[in-house]
Protein chains: 2
Amino acid sequence: LGYIRGVNKPENIKRLPGFRDFAPQELAVRARTFDAWRAAAQSFGFQEYDGPPLEPVDLYTRKSGDEIVGQLYDFVDKGERHVALRPEMTPSLARILAQKSRALPKPIRWFSMPQLFRYERQQRGRLREHFQWNVDIVGEAGIGADAEVLAVALEGLRLLGLTERDVEARVSDRPLLRAILMALGIPEATHDAVFQVIDKLERAGPEWARERLSGAGIGPAGADELLGLISDAGPEDLAQRFRANDAVIERLDITRDYLERLRSLGFAAWVSFDLTIVRGLAYYTGTVFEIFDRARDLRALCGGGRYDRLLELVGGDPLPAVGFGMGDVVLGELLEERGLVPEWTPAVDAFIVLPDADLRSRGLEVAAALRRGGNSVLYAFSEDGVRRQFKTASASGARFAVVVGPDEVARGQILIRDMGTGDEYNHDLTNILNGTARLGSA
Amino acid sequence: LGYIRGVNKPENIKRLPGFRDFAPQELAVRARTFDAWRAAAQSFGFQEYDGPPLEPVDLYTRKSGDEIVGQLYDFVDKGERHVALRPEMTPSLARILAQKSRALPKPIRWFSMPQLFRYERQQRGRLREHFQWNVDIVGEAGIGADAEVLAVALEGLRLLGLTERDVEARVSDRPLLRAILMALGIPEATHDAVFQVIDKLERAGPEWARERLSGAGIGPAGADELLGLISDAGPEDLAQRFRANDAVIERLDITRDYLERLRSLGFAAWVSFDLTIVRGLAYYTGTVFEIFDRARDLRALCGGGRYDRLLELVGGDPLPAVGFGMGDVVLGELLEERGLVPEWTPAVDAFIVLPDADLRSRGLEVAAALRRGGNSVLYAFSEDGVRRQFKTASASGARFAVVVGPDEVARGQILIRDMGTGDEYNHDLTNILNGTARLGSA
């Protein structure tokens with residue numbers, strides 16, 4: 001315990017690279033995002049859950065894509081357990097539901113807002129943590145759940161002030177893409193390779209894609225046809241082109257139902273059909289989507305889709321599921337860019353001004369009563385003069401100064417000044433102390 | 001990616017020992033606690049902040065007590081940094097303020113609700129994480145800040161339904177205790193040893209304490225006098241006993257001011273003066289307090305006090321500070337015991353009943369409009385019969401069933417049934433879609 005006394009002025013200890021502090025100004029931005037996410041999820045009837053930030057590493061190596069496993073923030077704990085700071089939430093959800101899902105009415109509609117972690121080497125400036133809104137419907141195989149999940153993601157963005165002019169949800173359907181590949185004569189054994197090419201198409205370009213498709217046994221004509229279809233064809237074009245193919249038509253009907261439901265839910269203008277959206281992770285089995293800023297300046301804001309085989313991988317009952325994750329970092333960049341981050345200024349409802357230190361007890365009683373009435377209330381701890389107290393009240397962003405002075409108290413009153421308008425009026429002290437008076441009404 | 005296909009039914013992956021899952025039922029309890037903590041802090045004008053869950057281990061080894069350092073959940077990360085999952089919040093606060101405090105108006109009133117971690121070996125059943133409400137006033141040396149901080153802790157408990165019959169705040173003052181020790185002729189070099197004895201007095205008993213005090217050079221008569229004073233004497237007794245000792249009287253005046261302020265803030269019946277409260281951690285420099293359940297069945301709910309030397313230890317300006325931490329686990333046990341954890345039942349505002357699948361688009365439009373009006377709204381994804389849909393509505397806890405049926409829609413209306421009373425009434429469909437109608441009013 002001696003280091004308390006022996007130290008004079010040690011050097012600063014710095015926070016770890018890739019982690020953020022949230023001083024009140026930054027926390028207010030985060031809280032606004034969390035509030036919008038929570039309000040959107042709750043308006044759609046989702047219930048909030050959470051899991052531990054630390055999980056057995058097996059939970060991720062068993063099912064996640066290579067990218068996530070390569071960036072695990074993992075270590076061996078003091079009990080010789082190989083553990084990881086959670087890199088995504090869905091495995092924890094699957095683990096919890098593996099124990100609980102039988103007792104729950106279906107569909108299960110759960111959401112969470114966990115902090116997630118990754119460890120990349122030698123990537124300066126990139127964050128190692130972010131908060132991610134996770135929303136899932138489990139136990140419903142119908143396309144209605146897919147539409148509901150994308151709609152809630154868009155509702156969360158809408159509540160933050162974004163519109164269809166700011167963002168675009170690009171939606172695809174993996175079974176539809178598979179059916180199209182089959183219809184084009186591309187054998188099933190080649191599909192995974194083709195998926196990987198399409199996944200990188202936007203970044204790597206058509207020349208690169210043709211080359212890679214050629215390596216997978218798809219010649220120039222076939223590659224052109226495929227790339228043309230997935231880049232340009234809408235559902236109606238595909239219905240026309242593949243009208244004789246039952247598998248394609250069946251899946252197209254589901255896609256049209258999906259798009260129609262999104263239209264009814266108010267998001268027609270936000271959604272584009274786009275077969276180039278694949279999602280790298282292996283576990284998707286149906287619809288997939290990503291939400292981007294319209295200007296395409298930023299990485300994806302959100303990604304999700306249907307993953308009907310995931311729960312059984314961690315030991316649960318096989319249950320169909322659809323969900324998404326939306327991080328706070330790219331979203332924060334877009335909100336900032338669009339001027340949708342309100343300026344933060346400290347604010348309280350009232351500041352108690354005490355002209356006479358002898359009345360301090362009375363002043364504190366007034367503070368306590370106003371607080372119990374739902375107001376945020378400050379007062380000066382030191383015995384400043386009245387002018388100084390009014391300055392402090394103003395600097396703290398108080399809407400009202402509440403003067404508990406000897407003249408007023410002698411009359412059984414207090415004086416309230418509206419700090420915005422300068423209006424002053426008296427309030428009955430007893431009513432204030434009883435909590436039956438409201439600030440801002442004479 | 002092959003493990004997606006090869007696996008049939010693997011064994012369950014279990015969560016790590018000492019960690020909790022929060023399914024919606026448990027999360028609702030946690031959220032209620034967080035809401036009370038946040039509401040109390042905000043009513044006192046505190047601003048929320050947060051820091052990273054992972055920090056350099058130096059941040060804790062430099063200032064924390066032995067107990068916390070011995071239980072660190074620490075490891076070496078992939079970049080060879082020695083890091084720890086945060087065991088307490090105050091060091092992160094000090095680190096953040098070391099950079100920011102100069103630019104902030106004083107006093108700084110910040111609160112946080114971090115998840116904290118510890119690693120104890122071979123302690124079955126004990127948690128390795130909990131959430132802790134941290135509230136601090138930094139930059140104010142006066143006793144008013146001490147009173148404010150204890151009052152906000154008690155206000156948080158009050159908002160959760162607890163009263164002075166359930167809990168007791170035991171308050172002491174380290175400088176007062178030191179002044180008393182000096183007045184009793186106990187030399188300063190012995191004070192730390194005496195503090196350690198008093199800290200363990202309640203658990204280890206007076207016999208043990210006498211023996212340990214004897215080892216510190218305090219004979220039986222001196223030990224009896226000391227133990228008698230700290231166990232029984234109130235401020236008035238001490239003022240009488242030490243009326244000739246300026247150092248004791250000066251500190252007693254501050255203690256009386258502290259108690260008087262707590263009385264004015266409405267917490268007289270919650271607070272007891274108790275010199276046996278020491279707080280093991282080394283960094284307290286003034287008042288200290290702990291909050292216990294009255295029955296003393298549980299560990300302390302909350303502990304805090306003044307720590308005027310802490311900030312400079314992590315490289316910041318020397319700033320006086322006072323604060324506390326209150327965990328969610330012991331508090332949860334007390335709330336449970338007192339019957340103050342409300343039963344959780346799922347609830348939504350409305351369930352859309354669709355008698356005719358052809359009207360699904362219209363039904364989804366109604367759902368979207370009601371959601372944007374602030375209601376939580378569900379509907380069936382599958383094409384169930386009406387009776388089945390009403391059952392699902394009831395099971396989901398819906399307050400209203402909203403029937404979008406062909407007859408009603410033909411008349412430009414929808415039917416709303418109050419699921420509690422069975423009352424039914426019609427609403428104008430256009431008003432609903434415009435968001436100008438409110439559920440529950442005809």
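Contact here means heavy atoms within 4.5 Å. In this predicted model, the contact of helix α7 with helix α8 in chain B joins B:R174, B:L177, B:R178, B:L181 and B:M182 of α7(B) to B:H191, B:D192, B:V194, B:F195 and B:I198 of α8(B). By class, these residues comprise six nonpolar, one polar and three charged. Helix α7(B) covers residues 174-183 and helix α8(B) covers residues 191-215. The two helices pack at an angle of about 115°, and their axes are 11 Å apart. The crossing of α7(B) and α8(B) is right-handed.

Helix α8(B) also packs with helix α9(B), which is formed by residues 220-232 of chain B. Here the axes come within 11 Å and cross at roughly 135°. An angle over 145 degrees would count as roughly antiparallel, and one of 65 to 115 as roughly perpendicular; α8(B) and α9(B) are therefore oblique to each other. Their crossing is left-handed. On the side of α8(B), the contact is made by B:V194, B:I198, B:L201, B:P206, B:A209, B:R210 and B:L213. On the side of α9(B), the residues are B:A223, B:D224, B:L226, B:L227, B:I230 and B:S231. The contact of α8(B) with α9(B) divides into ten nonpolar residues, one polar and two charged. B:V194 and B:I198 of α8(B) take part in the contact with α7(B) and also in the contact with α9(B).

In chain A, helix α6 (residues 143-159) packs with helix α11 (residues 246-264) at an angle of about 40°, and the two axes are 9 Å apart. Because of this angle, α6(A) is oblique to α11(A). Helix α6(A) passes α11(A) in a right-handed crossing. From α6(A), the residues in contact are A:I143, A:G144, A:D146, A:A147, A:L150 and A:A151. They meet A:I254, A:D257, A:Y258, A:R261 and A:L262 of α11(A). Seven of the residues in this contact are nonpolar, one is polar and three are charged.

Between the two chains, 111 residues of chain B are in contact with 109 residues of chain A. The area buried between chain B and chain A is about 9,500 Å², and carbon and sulfur atoms give 55% of that area. Within chain B, the residues that lose the most area to chain A are B:I13, B:K78 and B:F381, which together account for 9% of what that side buries. There are 14 salt bridges between chain B and chain A. A salt bridge also joins the side chains of B:D50 and A:R30, with an N to O distance of 2.9 Å.

Some features of the backbone concern single residues or single peptide bonds. Most residues other than glycine have a negative phi, and most peptide bonds are trans. In chain A, the peptide bond from A:K106 to A:P107 is cis, with omega near -5°. A:P107 lies in the loop between α5 (90-100) and β5 (108-112) of chain A. In chain B, the peptide bond from B:K106 to B:P107 is likewise cis, with omega near -5°. B:P107 is found in the loop between α5 (90-100) and β5 (108-112) of chain B. A:R296 is not a glycine, yet it has a positive phi of about 55°. The loop that holds A:R296 runs between β10 (287-293) and β11 (302-306) of chain A.

Methods. Residues are numbered from 1 along each chain as its sequence is written. Chains are lettered from A and ligands numbered from 1 in the order in which they are written. This is a predicted model: local features need pLDDT of at least 70, side-chain atom pairs count only at pLDDT 80 or more; totals for chains, interfaces and linings use all residues. Side-chain values use heavy atoms; hydrogens and water are left out. Axes are lines fitted to C-alpha atoms, for helices over the stretch in contact, and angles run from 0 to 180 degrees between N-to-C directions. Helices (H or I, at least four residues) and strands (E, at least two) are DSSP runs, numbered from the N terminus. Angles under 35 degrees count as roughly parallel, over 145 as roughly antiparallel, 65 to 115 as roughly perpendicular and the rest as oblique. A crossing is left-handed if the near helix is turned anticlockwise from the far one by less than a right angle, and right-handed if clockwise. Ala, Val, Leu, Ile, Met, Phe, Trp, Tyr, Cys and Pro count as nonpolar, Asp, Glu, Lys and Arg as charged, and the others, Gly among them, as polar. Buried area is the accessible area (1.4 Å probe) that two parts lose on being put together, summed over both. A salt bridge is a side-chain nitrogen of Lys or Arg within 4 Å of a carboxyl oxygen of Asp or Glu.
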